Amino acid sequence: MRFLLTDEQREFAQALDGMLGASGTPAAARAWAAGDHQPGRALWTRIARAGVFGLAVPEQHGGSGLLPVELALSFAELGRHAVPGPLVETVAAAAFLQRLGANPEAGEWLPRIAAGGAVLSLCAGAGPYALDAAAPARYALDADAADSVLVIQGDTVSRTDTHGPVQSSLDPARRWAHPLDGTVLARGPAVTAAAAHAAEVARLLTAAQSLGLGRALLAATVSYVKQRTQFRVPIGSFQAVKHRLADTLIGLEFAQPLLHAAALALAAGSPSAGREVAAAKVAAGEAGYAAARTALQLHGAIGYTEELDLSLWIRKARPLRDAWGTPADCRARVLTG
């Protein structure tokens, strides 16, 4: 199995990193948390023009086909820059519609997703591994910002454009709303199979976001401990601080090959893909959460302030760790297959 990225993949990730770094994502995230979606939608369009959403859409609908490796690289960068919005859910919805087969909804939504003209959310309850454990029961992420919500219950999928009151969460930029009754689109085993596939894609990309988030938190913390002094020396020179940072780095480095292996397995349609995605989700989610705890501790009192942009990253870590499968759920999946 090849774990090394190609030159094209590395250049794509670097270009996306540069674009997001110049896009003012903290301001967009703060506006999104306040209910102002315009800056986030503008950023969404730029991400689409970079080709990210096209990586989840088949060629006949204006995309490049489902490319899990490239998607994982992209979502690691989206996590690194704390981009707000139902990014994972939109791609998972695209994967669901594509796997569901020929249907009018796919023809309507997939070209719009590829072009960045559609934001979808997904409320999935097809099985124990399809649930987003970070959400209240039967709630959809950013339903107020989405153009539509796909609601999957058992072997039935419906689409709705209406929702109940918006609820806040640990991460201010992740807002929940209960989708109201909509139009039934399909029923049967095909819905269940498509939902399971969409959940695998969602877990992989959430793991990638966690990994990118963790790397951003580690970089910010290393920079800070080089500047903050105690006893007239940088606190980064203290052995305890070095050990904490080293442990955080090791966790992130161990998660990286698991994420790549899971993406390759999903791309190949391997029978072990579900287990490998679950393993990557556990490793990346725990590593990202550990990076947040390290950042919070080593930044001291300022790490607790919402005014510091670092809080946008810190408060994402635990929701991402638990989204689309808690560590306990994913460990069970690894053990049982």
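Me: Is phenylalanine 231 buried or exposed?
Reply: In this predicted model, where local features need pLDDT of at least 70, side-chain atom pairs count only at pLDDT 80 or more, and totals for chains, interfaces and linings use all residues, phenylalanine 231 has 72% relative accessibility and therefore counts as exposed (buried means under 20% relative accessible area, exposed over 50%, partly exposed in between, with a 1.4 Å probe and protein chains only). Residues are numbered from 1 along each chain as its sequence is written, and side-chain values use heavy atoms, with hydrogens and water left out.

Me: Where does phenylalanine 231 lie, and what is its phi?
Reply: Phenylalanine 231 lies in the loop between strand S8 (229-230) and strand S9 (233-234), strands being DSSP runs of E with at least two residues and helices runs of H or I with at least four, numbered from the N terminus. Its phi is positive, about 55°, although phenylalanine 231 is not a glycine.

Me: And tryptophan 324, buried or exposed?
Reply: Tryptophan 324 counts as buried, because its relative accessibility is 2%. It is found in the loop between helix H10 (310-322) and helix H11 (327-336), and its phi is also a positive value, near 55°, in a residue other than glycine.

Me: Switching to helices, at what angle do H7 and H9 pack?
Reply: Helix H7 (residues 189-227) and helix H9 (residues 273-299) pack at about 25°, with their axes 8 Å apart, where axes are lines fitted to C-alpha atoms, for helices over the stretch in contact, and angles run from 0 to 180 degrees between N-to-C directions.
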